[in-house]
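Reader: Could you take me through this protein, starting with the terms you rely on and then going from the overall fold to single residues?

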Amino acid sequence: ANAVATQAVFADSALTVTEAATRLGVDDSRVRHRLKQHRLAGWKGHGGWRLPAWQFTADGAVPGLDVVLRAVPDDQPALVVAGFMTTPQPDLLIRDTPTTPRDWLLAGGDPARVAELAATLGTPV
């Protein structure tokens with residue numbers, strides 16, 4: 001039930017390709033190209049591609065996002081990636097406090113550190 005509720009929240013806040021293109025200042029085809037290259041995260045639904053809002057800023061994409069997304073194993077669904085990117089990680093500290101990968105990147109943190117963690121998604125602990 002929690003997974004379904006979480007998925008609904010992410011789906012409700014997700015952007016369409018056109019909305020993402022506007023946010024990024026590019027045309028729709030560039031957004032689809034970035035999805036194909038794993039430079040943006042998304043899933044195909046009944047109305048076409050949906051892109052989770054966590055990966056965007058007011059005027060673009062989270063810095064270093066492309067580095068992180070390319071490290072994510074191909075078998076990991078968008079909901080798992082969203083959960084990872086929005087959950088504080090003990091290995092990413094800002095002022096001695098665990099922070100989310102998204103906030104780490106927004107604060108100018110090294111995307112390679114997040115990519116290392118992202119590469120282990122789906123791996124048994």
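Author: In what follows, buried means under 20% relative accessible area, exposed means over 50%, and partly exposed lies in between, with a 1.4 Å probe and protein chains only. This is a predicted model, in which local features need pLDDT of at least 70 and side-chain atom pairs count only at pLDDT 80 or more, while totals for chains, interfaces and linings use all residues. Residues are numbered from 1 along each chain as its sequence is written, and side-chain values use heavy atoms, with hydrogens and water left out.

Reader: What share of the contacts with a separation of 6 or more comes from residues 24 or more positions apart?

Author: Contact here means heavy atoms within 4.5 Å. Of the 125 residues, 35% count as buried. Among contacts with a separation of 6 or more, the share from residues 24 or more positions apart is 53%.

Reader: Which residues have the most contacts inside the largest nonpolar core?

Author: A nonpolar core is a set of buried Ala, Val, Leu, Ile, Met, Phe, Trp, Tyr and Cys residues joined through side-chain atoms within 4.5 Å. The largest one has 28 residues, and those with the most contacts inside it are Val31, Leu40, Leu51, Trp54, Met85 and Val114. At least two residues of this core come from each of α2 (17–24), α3 (28–36), α4 (65–71), α5 (78–85), α6 (101–106) and α7 (111–118). Apart from residues up to four places away in sequence, Met85 touches Trp54, Leu65, Val68, Thr100, Pro101, Arg102, Leu105 and Val114.

Reader: Is alanine 41 buried or exposed?

Author: Alanine 41 lies in the loop between α3 and β2. With residues up to four places away in sequence left out, alanine 41 touches Leu35, Arg50, Leu51, Pro52, Trp54, Gln55 and Leu69. Because its relative accessibility is 11%, alanine 41 counts as buried.

Reader: Which residues does arginine 23 touch beyond those up to four places away in sequence?

Author: Arginine 23 is placed in helix α2 and is partly exposed, with a relative accessible area of 30%. Its C-alpha atom is separated by 8.2 Å from that of alanine 61, which is 38 residues apart from arginine 23 along the chain. The residues that arginine 23 touches are Leu15, Phe56, Thr57, Ala58, Asp59 and Gly60.

Reader: How are glutamine 89 and threonine 99 placed, and with which residues is threonine 99 in contact?

Author: Glutamine 89 is found in strand β6 and counts as buried at 16% relative accessibility, while threonine 99 lies in strand β7 and counts as buried at 11%. Leaving aside neighbours within four places in sequence, glutamine 89 is in contact with Phe84, Pro98, Thr99, Pro101 and Leu117. With that exclusion also applied, threonine 99 is in contact with Thr87, Pro88, Gln89, Leu92, Ile94 and Trp104.

Reader: Where is histidine 38, and what is its phi?

Author: Most residues other than glycine have a negative phi. Histidine 38 is placed in the loop between α3 and β2 (43–45), and it is partly exposed, with a relative accessible area of 40%. Although histidine 38 is not a glycine, its phi is positive, at about 60 degrees.

Reader: What is the phi of aspartate 96?

Author: Aspartate 96 has its place in the loop between β6 (89–94) and β7 (97–99). Aspartate 96 is exposed, with a relative accessible area of 72%. Its phi is positive in a residue other than glycine, near 65 degrees.

Note on methods. Helices (H or I, at least four residues) and strands (E, at least two) are DSSP runs, numbered from the N terminus.
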